[in-house]
Amino acid sequence: MKIAIIGTGNLGSAIAKGLIEKESFTELYLSDLNTRQVDVYKNTAHVTVTNDNVLAIQAAEVVIFALQPKHIVSVIEALKEALTAEHLVMSVAAGFEISAIERIIGSQTPIIRVMPNTAISIGESMTCLAGNAAGIEHMGVARAIFDQLGTTLEIPEGQMQAATVICSSGIAFWMRLVRATTQGAVQLGFEAEEADKIALQTCMGAARLLQESEQHVEAEIDRVTTPGGCTIEGLNAMEHQGMSAALVQGIIASFDKINQLKTN
């Protein structure tokens with residue numbers, strides 16, 4: 001499959017890294033005015049790093065626009081003559097609706113909104129997908145690409161704003177929780193490097209345990225919280241300080257913000 005990524009900033013380069021690690025293409029074109037983050041791939045087989053968006057699009061079957069919402073309209077407008085109904089167009093621009101892309105290139109072109117997170121660079125993204133009528137017919141192609149880079153879920157487009165908060169912003173929320181755990185570990189006497197190792201592996205173990213056991217999260221918590229023990233003491237102290245409420249409020253605040261940025 002011939003894939004072009006238009007925009008090689010943080011997310012575009014993360015997608016590129018994941019695709020290259022998994023060798024998930026026959027040809028890959030990475031295009032941007034500033035290709036600094038992907039210049040390392042200039043000598044990689046079957047990878048072309050370029051400043052020519054038209055060249056990249058004309059050579060590709062799948063075009064992924066990894067652009068910020070404020071830039072995507074002008075870029076697609078400039079490239080609409082190069083895009084055809086034979087292309088599968090994907091966009092990772094947060095808050096940018098399919099209808100806005102259709103107004104530029106038409107509804108006959110298959111269009112899929114994609115919301116991954118930066119863990120896509122190591123093949124561990126949670127990626128949500130939504131398509132227009134033509135795009136839904138090509139959803140299997142999108143899933144074939146992104147299933148190699150983590151886990152995918154097809155959802156209605158109306159849920160993409162929420163998915164952006166939980167999947168994309170959510171990775172930062174989880175990292176902040178890990179950071180707080182390392183701070184606590186350091187305060188209890190561990191060296192910073194030891195604290196990082198303990199916090200990361202415990203976080204990974206908790207996620208994997210929930211994934212493998214298929215138990216409700218509270219059932220797994222109950223296995224750790226013995227009556228009168230230190231775990232329930234700690235959990236109650238955290239809840240008293242508003243841990244769960246703060247996380248939910250943060251998610252809602254992020255959701256409110258992305259709806260302010262919404263483009264349709």
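Is Lys80 buried, partly exposed or exposed, and at what relative accessibility? Lys80 counts as partly exposed, at 34% relative accessibility. Buried means under 20% relative accessible area, exposed over 50%, and partly exposed in between (1.4 Å probe, protein chains only).

This is a predicted model: local features need pLDDT of at least 70, side-chain atom pairs count only at pLDDT 80 or more, and totals for chains, interfaces and linings use all residues. Residues are numbered from 1 along each chain as its sequence is written, and side-chain values use heavy atoms, with hydrogens and water left out.

**View 1. Glu77 and Lys80 form a salt bridge.** Their closest N and O atoms are 3.3 Å apart. A salt bridge is a side-chain nitrogen of Lys or Arg within 4 Å of a carboxyl oxygen of Asp or Glu. Glu77 is partly exposed, at 37%. The whole structure holds five salt bridges.

**View 2. Glu157 meets Arg113 in a salt bridge.** The N to O distance is 3.0 Å. This pair links distant parts of the chain, 44 residues apart. Glu157 sits in the loop between β8 (150-154) and α7, Arg113 in strand β6 (residues 111-115). Helices (H or I, at least four residues) and strands (E, at least two) are DSSP runs, numbered from the N terminus. Arg113 is buried, with a relative accessible area of 3%. Glu157 is partly exposed, with 27%.

**View 3. Arg208 and Glu212 join in a salt bridge.** The N to O distance is 3.0 Å. These residues are four apart in helix α8, so about one helical turn separates Arg208 from Glu212. Arg208 is exposed at 51%, and Glu212 is exposed at 54%.
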